[in-house]
Amino acid sequence: MKNRMLAGPLVAALCTLAGCGGGGSSSGGGVFTPPPVVINNVQPVVVNAGPSNQEADVLYTSVTICVPGTSTCQTIPNIQVDTGSSGLRLLNSQVTLVLPNSTDISGNVIGNCVQFLDTSYIWGPVALADVKFADEVASSLPVQLGAQWGRPTSFPAAPTVCSSGGTAVTTPSTLGANGILGVGNFIQDCGQGCASTSSKYYYSCTTTACTQAAVPVAKQLTNPVAKFPQDNNGLLITLPALPDAGQVSASGSMIFGIGTQTNNALGAARVQTISSSTGTFSTTFSGKTYPGSFIDSGSNGYFFLDAATTGLPICSNAAPFYCPTTQKSFTAITTGINSVANTVAFNIANLNSLPAANSAFNNIGGSQPNFFDWGLPFFFGKSVFVALELSSTPGGSGPYWAY
Amino acid sequence: MKIFLSAILLIAVGLPCLAALGETVASVATDQQKFQMRRQIRQAQNYSVHIMTDDNGTVINEFATAGGIVFGVSWQGPVIPDLSQLLGRHFGTFQAQVLSESKIRARRRGAVTHNGNLIVESGGHPRDYRGRAYLTDQLPSGVTQEAIQ
């Protein structure tokens, strides 16, 4: 934490001293100052039809995981990039490595649960892995091995507080990916709330049963960016602009760090701070303001308001997506906690009229009463910066969005 | 021991097993006990709001008619509340519909379902989930869904 907070200003200062490109320099007192290490901080990302060959607006990357401290590694493709959550979740069926389990103070394996809005959930143990993107490495990162049914060792079934009457996500076809990479504004999937009391997120597991337990933040699923030795104050995602008909695929970049290298400067991007507890900001539409709005690359559309408010009919075959007869244009104003505003123009097309062969669209969306979920369509044609909570950047302290 | 005593208490006061939506207002106490939350009651003109809170920042509101039927529920908090408890006998209807909707090109989003008189709108993201559910045929006269916040 301390290192991460220092990293931004330190690198900025070194850039001034060393001109950002030279070798080490000697400052006045003869103290050797190491140069900023320039490493590859660019991880390719792509929007395509995915492993099921039928996805729309799902952003993928690959991840290399290694047994901690070793060169025994594996690369897993088709990992969904999700700015709406934090931490890495892998479907265990895609993991060939035998990773060490993460254990609690009693020596029991830590179990983790995430529930989705459609009542499905991912359940499985927390394991430790060195996690690599480009040249960036998060060492011994707690990750979830989802749906570990008996391999390599048995693990108890999900407690009812996790399943809550829902269905388990166990396969890539159900998830639409081999895993989820949470690179949102928060450092842990849950945070202090799950460290001070037991929660739905964390469990202490014997070989036969799991019980809810408080787990220290250091052992919770952690956003890998926060654990990089450098470029660890945030990231930016850049995706190309798209035509109205969409494209078969769209390739872009996930660039780590904000203002730490020449390729991740904020430039003209406007910094909008967000609630440090909920991660939300306000969106104003047709004169009414909706708090509780957020940006989420893991949502595959603009999800906002309802048919009555927007004048957009719901698709008869794909509720709650909107299906206007012709594409409609809208503007909304996003406002950060710091009162900095951005005007966002966006279009909504008829989901059923878009070419079936295409998978990348900047104009699909649906109903979500009372707030705005700015999903993946929002990212096309932009560089969107995600500043982590507690981080220091040239644009101020996180958490914030900038674009 | 504590669990044992709670069970006896439940039997003694005869709390309904089914939870709130569409049930009698007495079922709110079942939810309160299950969720381990504090409760206060606010009276509106022709309905009451049972406001339940906990130390984790979760708020659950249950809206009851003057006749004592829970016609709506809303929630906000860092986790999704147990909707099988909160929606009670309507949970199966909600779940069946949300899971039957095509996943093709509709992978991840909020769960918004309209099924006859049952409306469920569940959205948000980790650390801030928000939603509401209500029965359109149970709304008190003059009350719209706008009241269910």
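The model is predicted.

Start in chain B, with helix H4, residues 91-100. Its buried residues are B:Phe91, B:Phe94, B:Gln95, B:Gln97 and B:Val98. Look down the axis of H4(B): these residues fall within an arc of 165 degrees, so they line one face of the helix. What does that face pack against? The buried residues of H4(B) pack against helix H3 (83-86) of chain B. They also pack against two strands of chain B, S5 (111-115) and S6 (118-125). Keep H3 of chain B in mind, as it returns with the cavities.

Next come the charged pairs. Side chains of opposite charge can pair when their charged atoms come close. Over all chains, the structure holds five salt bridges. Three of them are followed here.

One salt bridge joins A:Asp189 to A:Arg89. The closest N and O atoms are 3.4 Å apart. This pair links distant parts of the chain, 100 residues apart. A:Asp189 sits in the loop between strand S10 (179-183) and helix H4 (192-196) of chain A. A:Arg89 belongs to strand S6 of chain A, residues 86-91.

B:Arg38 lies in strand S1 (residues 38-43) of chain B, and B:Asp55 in the loop between strand S2 (47-53) and strand S3 (59-65) of chain B, so the pair ties together parts that are 17 residues apart in sequence. B:Arg38 is partly exposed, with a relative accessible area of 45%. B:Asp55 is exposed, at 70%.

B:Arg130 and B:Asp128 form a further salt bridge. Their closest N and O atoms are 2.8 Å apart. B:Arg130 has a relative accessible area of 18% and is buried. The cut-off for buried is under 20%, which is why B:Arg130 falls in that class. B:Asp128 is at 2% relative accessibility and counts as buried as well.

Now turn to the empty space. Rolling a probe the size of a water molecule over the atoms shows where empty space is left. How many cavities of 30 Å³ or more does a search of the whole structure find? It finds four.

The largest cavity has a volume of about 120 Å³. It is lined by 15 residues. Nearest its centre lie A:Gln115, A:Phe116, A:Thr119, A:Ser164 and B:Ile80. Two elements give two or more residues to this lining: helix H2 (160-163) of chain A and H3 of chain B. That is the H3 of chain B against which the buried residues of H4(B) pack. By class, the lining of the largest cavity has seven nonpolar, six polar and two charged residues.

The second largest cavity has a volume of about 90 Å³. Of the 16 residues that line it, the closest to its centre are A:Thr83, A:Gly84, A:Ser85, A:Phe186 and B:His125. This lining divides into five nonpolar, nine polar and two charged residues.

A:Thr119 is not a glycine, yet its phi is positive, at about 80 degrees. A:Thr119 is found in the loop between strand S7 (109-115) and strand S8 (121-133) of chain A. At 11% relative accessibility, A:Thr119 counts as buried. A:Ser164 also has a positive phi, near 45 degrees, in a residue other than glycine. A:Ser164 lies in the loop between H2 and helix H3 (172-175) of chain A. Its relative accessible area is 11%, and A:Ser164 is buried.

Finish with the cis peptide bonds in chain A. Which bond ends at A:Pro320? The bond from A:Ala319 to A:Pro320 is cis, with omega near 5 degrees. A:Pro320 lies in the loop between helix H6 (307-310) and strand S19 (328-335) of chain A. The bond from A:Gly398 to A:Pro399 is also cis, with omega near 5 degrees. A:Pro399 is placed in the loop between strand S25 (396-397) and strand S26 (400-402) of chain A.

How values were computed:
Residues numbered from 1 in each chain as written. Chains lettered and ligands numbered in written order. Heavy atoms only, no water. Buried < 20%, exposed > 50% of the residue type's maximum accessible area, 1.4 Å probe, protein only. Helix = DSSP H or I, 4+ residues; strand = E, 2+ residues; numbered from the N terminus. Arc of directions from axis to C-beta. Contact = heavy atoms within 4.5 Å. Salt bridge = Lys/Arg side-chain N within 4 Å of Asp/Glu carboxyl O. 1 Å grid on protein atoms, 1.4 Å probe; cavity = no way out; pocket = protein on both sides within 12 Å on 5 of 7 lines; lining within 4 Å. Points joined across faces, edges and corners; volume = space filled by probe spheres on them. Nonpolar A, V, L, I, M, F, W, Y, C, P; charged D, E, K, R; others polar.
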